[in-house]
Amino acid sequence: VFQQRFLWPNLTIGQNLSIVLTHRPNDALSRSAMELLERFRIAHLVDRLPHECSLGERQRLAISRSLLSPARFLLLDEPSSALDRANQGILVQELKAQIAQDRGVLLITHDDRGFSEVLDQSFELENGQLRQL
């Protein structure tokens with residue numbers, strides 16, 4: 001998950017999500033994909049274009065797309081930057097589920113509130129120096 005979100009502006013939310021799935025962009029999304037979108041409260045947006053959605057909704061789409069990808073590791077750069085506390089809590093629960101399934105997670109954030117539940121190791125970068133917390 002990048003800070004810029006990298007969504008295709010000419011594709012609907014559903015089509016942007018389907019990029020990581022093994023079906024064609026115009027096919028219906030799988031039940032598990034729709035359930036994830038429901039947990040992130042964006043299932044009703046599948047036919048909208050990214051510019052028709054709020055910044056937080058686009059962020060939740062980018063997160064959902066990463067969670068549904070077959071990647072072995074998740075790299076998240078400021079994933080909660082556009083999320084309110086409720087949606088950050090949903091993100092934490094989803095990350096806990098991914099970690100429980102042996103998926104690696106590297107999370108970079110300026111705001112570590114709420115992520116302590118998913119941290120195995122924590123580092124801080126200050127004045128060019130990396131130190132373990």
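**Exercises on strands, a helix and a hairpin**

β1 (73-77) and β2 (104-108) each give at least two residues to the nonpolar patch. Helices (H or I, at least four residues) and strands (E, at least two) are DSSP runs, numbered from the N terminus. We're working on a predicted model, where local features need pLDDT of at least 70 and side-chain atom pairs count only at pLDDT 80 or more, while totals for chains, interfaces and linings use all residues. Numbering starts from 1 along each chain as its sequence is written, and side-chain values use heavy atoms, leaving out hydrogens and water.

**Exercise 1.** Work out whether Leu75 is buried or exposed.

*Solution.* Start with the place: Leu75 sits in strand β1. Next, the cut-offs: buried is under 20% relative accessible area, exposed is over 50%, and partly exposed is in between (1.4 Å probe, protein chains only). Leu75 has 57% relative accessibility, so it counts as exposed.

**Exercise 2.** Check the span of helix α3 (residues 55-68), then find how many of its residues are buried.

*Solution.* Take 1.5 Å times one less than the number of residues. With 14 residues, α3 should span 20 Å, and its end C-alpha atoms are 20 Å apart, so the two agree. Now the cover: 12 of the 14 residues of α3 are buried, including Gly56, Leu61 and Leu68.

**Exercise 3.** Describe how β3 (residues 123-126) and β4 (residues 129-132) pair.

*Solution.* Strands pair if DSSP finds at least two bridges between them. Here four bridges join β3 to β4, and the strands run antiparallel. One partner pair is Glu126 with Gln129 in β4. Two residues lie between the strands of this hairpin, and Asn127 takes a positive phi near 55°.
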